[in-house]
Amino acid sequence: MEFEEGGRLHYSFAVGDCRQTIDLVYRIDGKMLHTDNPSTSHETVVQWRIGMGEVLVLDFAGAEACFVRDD
């Protein structure tokens with residue numbers, strides 16, 4: 001996940017041997033992260049926090065995803 005100023009978010013992930021990237025729009029409202037895919041008009045809202053070791057933790061109603069900063 002690459003967060004940019006102005007609310008742009010690039011979400012990149014591996015699918016087999018290929019890499020997929022989805023360009024999203026985001027905003028923060030307190031401890032909630034709102035993401036929207038303009039091409040599908042679908043907004044997702046997830047609770048976020050900074051965990052141990054400054055890991056970004058996204059809580060999808062109990063299922064957590066952890067992201068480590070890659071400098």
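A: The model is predicted. The account begins with the strand pairing: strand 1 (residues 2-4) and strand 2 (residues 8-15) run antiparallel and are joined by three bridges.

Q: What makes strand 1 and strand 2 a pair?
A: Two strands pair if at least two bridges are found between them. Three bridges join strand 1 to strand 2, so the two strands count as paired. Within this pairing, glutamate 4 has arginine 8 of strand 2 as its bridge partner. The two strands form a hairpin with three residues between them, and glycine 6 in the turn has a positive phi of about 85°.

Q: How do you know that strand 2 and strand 3 are paired?
A: Eight bridges join these antiparallel strands, and the definition asks for at least two, so strand 2 and strand 3 pair. Tyrosine 11 stands opposite isoleucine 22 in strand 3. This hairpin has two residues between the strands, and glycine 16 takes a positive phi near 65°.

Q: Why is the contact of arginine 8 with glutamate 4 called a salt bridge?
A: The closest N and O atoms of arginine 8 and glutamate 4 are 3.9 Å apart. The cut-off is 4 Å between a side-chain nitrogen of Lys or Arg and a carboxyl oxygen of Asp or Glu, so the pair qualifies. Side chains of opposite charge can pair when their charged atoms come close.

Q: Why is glutamate 4 described as partly exposed?
A: Its relative accessible area is 27%. Buried requires under 20% and exposed over 50%, so glutamate 4 is partly exposed.

Q: How many salt bridges does the rule give, and what makes glutamate 64 and arginine 49 one of them?
A: The count comes to two. For glutamate 64 and arginine 49, the closest N and O atoms are 3.0 Å apart, which is within 4 Å, so the pair is a salt bridge. This pair links distant parts of the chain, with glutamate 64 in strand 7 (residues 63-67) and arginine 49 in strand 5, 15 residues apart. Glutamate 64 has 44% relative accessibility and arginine 49 has 37%; both residues count as partly exposed.

Q: Why is asparagine 37 called buried?
A: Asparagine 37, found in strand 4, has a relative accessible area of 16%. Buried means under 20%, so the term applies to asparagine 37. Leaving aside neighbours within four places in sequence, asparagine 37 is in contact with Ile22, Asp23, Leu24 and His42.

Q: Is lysine 31 buried, exposed or in between, and why?
A: Lysine 31 has a relative accessible area of 45%, which lies between the limits of 20% and 50%, so this residue is partly exposed. Lysine 31 is found in the loop between strand 3 (18-29) and strand 4 (32-37). Beyond its neighbours within four places in sequence, lysine 31 is in contact with Val46, Gln47 and Trp48. The C-alpha atoms of lysine 31 and glutamine 47 are 5.7 Å apart, although the two residues are 16 residues apart in sequence.

Q: What classes of residue make up the lining of the second largest pocket?
A: The lining has nine nonpolar, four polar and one charged residues. Among its 14 lining residues, Tyr11, Leu24, Thr35, Thr44 and Phe60 lie nearest the centre. Strand 4 supplies the largest share, four residues. The pocket holds about 260 Å³ of space.

Conventions:
Residues are numbered from 1 along each chain as its sequence is written. This is a predicted model: local features need pLDDT of at least 70, side-chain atom pairs count only at pLDDT 80 or more; totals for chains, interfaces and linings use all residues. Side-chain values use heavy atoms; hydrogens and water are left out. Buried means under 20% relative accessible area, exposed over 50%, partly exposed in between (1.4 Å probe, protein chains only). Contact means heavy atoms within 4.5 Å. On a 1 Å grid over the protein atoms alone, a cavity is a set of points where a 1.4 Å probe fits but cannot get out, and a pocket is an open set with protein on both sides within 12 Å along at least five of seven lines; lining residues have an atom within 4 Å of a point. Grid points are joined across faces, edges and corners, and a volume is the space filled by probe spheres set on the points. Ala, Val, Leu, Ile, Met, Phe, Trp, Tyr, Cys and Pro count as nonpolar, Asp, Glu, Lys and Arg as charged, and the others, Gly among them, as polar.
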